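Please walk through this protein chain with its sequence and its structure side by side. The paragraphs below take up one place after another.

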Amino acid sequence: MVIKSESLEEYKADFEKSNSAILIDDISGKIELVNEKFCRMFGYTETELMKLEYFALIHPEDRDTVKKQREDRFKNKSTVTDEYLFRGVKKNGNIINLKTLSFPRFDENKEPLGAINFSWDMTHSNKLKTTLTELEEELVQSELELQGILESTTDGILVVDQAGKVVKTNKQFATLWNLSPEVLESEKDDDVLIRNTLDQLVDPDQFLAKVQKLNKTKENAYDVLHLKDGRIFERYSRPLLIGEEGFGRIWSFRDVTDRINAEKALKNSEEKYRSLIENSPIIIMRLDRAGKISFINYKYAGKNPEDLIGKCLYDFIPQEFKESAKNTVDRVFETGQSLSFENVELNTYENVKWFSNNVSPEGRSGDSNSVILIATDITELKQLDIMRNEFVASVSHEIRTPLTIIRESLSILESGITGELNNDQVDIVKPCLSEVDRLSRIINNLLDITKMDRQDIALEWEMVDIIDLAKGVLYSFQNQANNKSISLEFVTEHKELWAYCDRDRMIQVCINLIGNAIKFTHSGFVRLSIADDNNEILFTIADSGDGIDNEDLGTIFDRFHQVSKVNRAGEQGSGLGLTISKGIVKLHGGKIWVRSKVGVGSEFYFTLPKLSTGKYIGQSIDKIINESRSAHTKTSLLVLRIDNYEKLAKEFSSESVNQIRNRIFRNVEEEITIGDFIHRISDNEFIFLSNITKQNMTMMISKIKLIIKDLLKQYDGKFEVKISTGVAVFPDDGNEAWSLLSSAQQQLDHNSNNNNGL
């Protein structure tokens with residue numbers, strides 16, 4: 001007989017009341033549960049038995065036979081109830097003869113779990129005869145216990161014999177089929193029970209045909225029954241075998257109405273949303289943490305969805321957008337917040353398309369290994385932006401000319417050139433001048449915005465001392481700060497900090513941010529902090545002002561944005577200052593962001609990359625080369641090196657050597673007025689760039705050496721400086737910065753090997 005176990009604990013109470021020696025083991029023979037009768041039979045405590053395998057209690061000569069029988073039964077998933085006759089070994093070593101009935105246990109998937117074993121000591125035959133009645137009583141008790149097991153399951157169980165007579169049922173069977181206990185007790189015929197159930201079925205003929213067919217076979221069966229009241233049952237059927245002989249059939253029924261309906265609803269929902277997604281003109285894709293596509297509903301970058309699965313999204317995005325895309329996806333995984341970015345589709349077969357991408361977590365922050373990206377085609381909007389920018393630029397240029405005339409006219413009136421103005425006239429002219437200036441700033445901002453959108457802003461790169469620049473901007477607001485009782489604070493650990501940037505544009509950013517801080521701070525402080533953060537310079541503008549509401553933080557850098565919490569009369573601006581600041585910072589390769597709390601204040605941050613000297617030199621040289629190329633002129637590059645610098649540094653104090661080096665550089669810089677570019681590459685190496693010929697450069701080298709000799713005379717021959725030079729000419733020796741530098745460096749190294757000093 002097949003026993004389906006919900007939990008071993010459900011059996012324990014009944015087993016302890018049993019007069020039979022009962023043991024439950026798992027498929028490997030490990031003992032899971034025993035009753036007191038079994039413990040007494042073998043002379044062990046329950047604790048001792050729980051540490052043993054069932055096979056340890058079997059005589060060694062019988063052990064392999066029992067194991068083989070069990071293994072064959074489990075391997076074949078046999079439902080046969082086995083009877084074993086074998087010798088057992090008690091704790092004290094005594095041998096007893098046992099008769100054991102073993103009932104298999106199966107899980108919900110019909111996989112074997114182990115067995116329930118009822119054992120009797122058959123050692124003495126005379127004792128067996130005298131206790132036959134007791135054995136029969138124990139069998140009856142075992143039958144009751146088996147019934148208790150059947151009642152503990154959630155399935156409806158029906159057991160019939162070969163003739164179709166009902167052998168066993170449980171209460172759940174009666175409940176499922178709406179059968180009264182009286183019917184089950186009075187009618188033991190399977191046919192009677194079937195007739196009582198047929199009226200409840202949607203397809204009774206099919207049900208009856210299957211029952212009749214299975215009663216003639218030893219097959220296992222599974223099907224689903226639909227009842228007229230809307231319920232759905234799963235029906236399982238197995239033959240009841242003892243050995244190879246059939247003794248009947250076991251039927252089990254389970255109400256799966258809720259599960260089936262839920263599965264149908266889920267399937268319908270999935271089909272509905274799948275249809276919606278697959279037919280949507282919006283591109284939807286799922287990405288993992290590495291950016292690999294696990295789902296996409298639409299053609300993208302000229303490729304079909306099936307060709308994109310498993311590929312990395314970043315491989316189909318142009319280089320200039322990759323970093324933004326990857327950073328956005330990474331931030332969504334980190335924060336669990338939805339973010340967005342824009343990109344151009346990488347597709348050489350169709351026209352350029354612009355996409356706005358919204359990235360959202362698929363699950364809660366940190367709980368999901370994927371995000372959902374929704375890409376919307378914004379090409380038409382971009383084209384409208386271009387048309388709008390062109391219109392704004394055109395109108396702004398048209399307004400500039402008459403505005404300049406108006407301002408000049410007002411300035412002439414204010415100056416009194418055309419005659420002194422009385423007080424009333426002055427009161428009219430001054431506000432007009434102020435408003436004209438404000439309008440000019442707005443127009444300039446609009447032009448900057450359109451240039452940024454077209455990526456048409458030319459930066460004037462140069463090496464700038466950021467400390468000096470920032471401090472100058474901050475204290476230019478001193479009068480405004482004093483009028484509002486605001487203290488201006490400048491915080492840094494550096495006396496100077498150099499960066500390669502556009503000086504005027506960086507001043508513009510600082511003015512915008514510091515000006516905003518003072519505008520929306522009524523008392524307290526405005527603090528500008530500058531820190532050296534590895535490869536970046538970090539600016540922080542903090543204030544004790546009104547603060548910014550959370551709802552505005554996400555759009556604070558959008559154009560024409562006005563912050564609701566601080567939008568007061570007399571304080572409105574064009575809403576372009578922060579947008580322009582963000583654009584300038586981005587053009588420099590930096591980032592800008594804000595943190596704020598209403599009523600406490602705000603902190604604006606932006607970074608400026610510290611470009612290497614090499615990059616600065618390369619860009620400077622290329623700029624001059626491009627000018628020469630346009631003018632069809634030649635440009636000469638000179639590299640000058642102090643060959644014995646390290647030797648001098650060892651013989652004399654580093655302070656003295658540095659002083660000499662700096663004086664050489666300054667004197668040469670003062671004398672070479674025709675040079676377009678001069679820069680110190682390292683402690684002992686200088687570079688010069690001029691639009692003179694190579695022949696004239698030779699004369700220039702002689703002049704430089706004379707300058708150095710005259711300078712060294714002041715040190716009474718204490719220093720003997722060895723100078724080597726290398727020259728390269730555009731376009732003869734190279735067409736770009738690094739080819740010119742390489743050519744000049746080769747000549748420098750050659751001359752250095754043959755250098756005997758000045």
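Is Pro-204 buried, partly exposed or exposed? With a relative accessibility of 25%, Pro-204 counts as partly exposed, where buried means under 20% relative accessible area, exposed means over 50%, and partly exposed lies in between (1.4 Å probe, protein chains only). Pro-204 belongs to helix H10 (residues 204-214); helices (H or I, at least four residues) and strands (E, at least two) are DSSP runs, numbered from the N terminus. Leu-225 is 21 residues away from Pro-204 along the chain, and their C-alpha atoms are separated by 9.4 Å.

The model is predicted, with local features needing pLDDT of at least 70 and side-chain atom pairs counting only at pLDDT 80 or more, while totals for chains, interfaces and linings use all residues. Residues are numbered from 1 along each chain as its sequence is written, and side-chain values use heavy atoms, with hydrogens and water left out.

Confidence comes next. The average pLDDT (the predictor's confidence in each residue, from 0 to 100) of the chain is 79, and 79% of the residues score at least 70. Among the elements of the chain, the highest mean pLDDT, 94, belongs to strand S21 (residues 536-543), and the lowest, 45, to strand S1 (residues 3-4). Residues 1-6 have pLDDT below 50, and this stretch has 35 contacts in the model beyond near neighbours in sequence, a contact being heavy atoms within 4.5 Å. Over residues 565-571 the pLDDT also stays under 50; here the model has 13 contacts beyond four places in sequence.

The structure holds 20 salt bridges, each defined as a side-chain nitrogen of Lys or Arg within 4 Å of a carboxyl oxygen of Asp or Glu. One of them joins Arg-70 to Asp-25, at 2.9 Å from N to O. Because Arg-70 lies in helix H4 (residues 60-75) and Asp-25 in strand S2 (residues 21-26), the pair ties together parts that are 45 residues apart in sequence. Arg-70 and Asp-25 are both buried.

Glu-234 and Arg-259 form another salt bridge, with the closest N and O atoms 2.6 Å apart. This pair links distant parts of the chain, with Glu-234 in strand S10 (residues 232-242) and Arg-259 in helix H11 (residues 257-278), 25 residues apart. Glu-234 is buried at a relative accessible area of 5%, whereas Arg-259 is partly exposed at 39%.

A salt bridge of 3.2 Å, N to O, connects the side chains of Asp-643 and Arg-641. Asp-643 counts as partly exposed at 25% relative accessibility, and Arg-641 as buried at 13%. Glu-61, Asp-62 and Arg-87 are linked in a network of salt bridges.

Now to a strand pair. Strands S7 (residues 156-161) and S8 (residues 166-169) pair in the antiparallel sense over 3 bridges; two strands pair if DSSP finds at least two bridges between them. Val-160 stands opposite Val-166 in S8. The two strands S7 and S8 form a hairpin with 4 residues between them, and Gly-164 in the turn has a positive phi of about 90 degrees.

In helix H20 (residues 577-587), the buried residues include Leu-578, Ile-580 and Val-585. Gly-589, which follows H20, has a positive phi near 85 degrees. Leu-384 is placed in helix H14 (residues 379-415).
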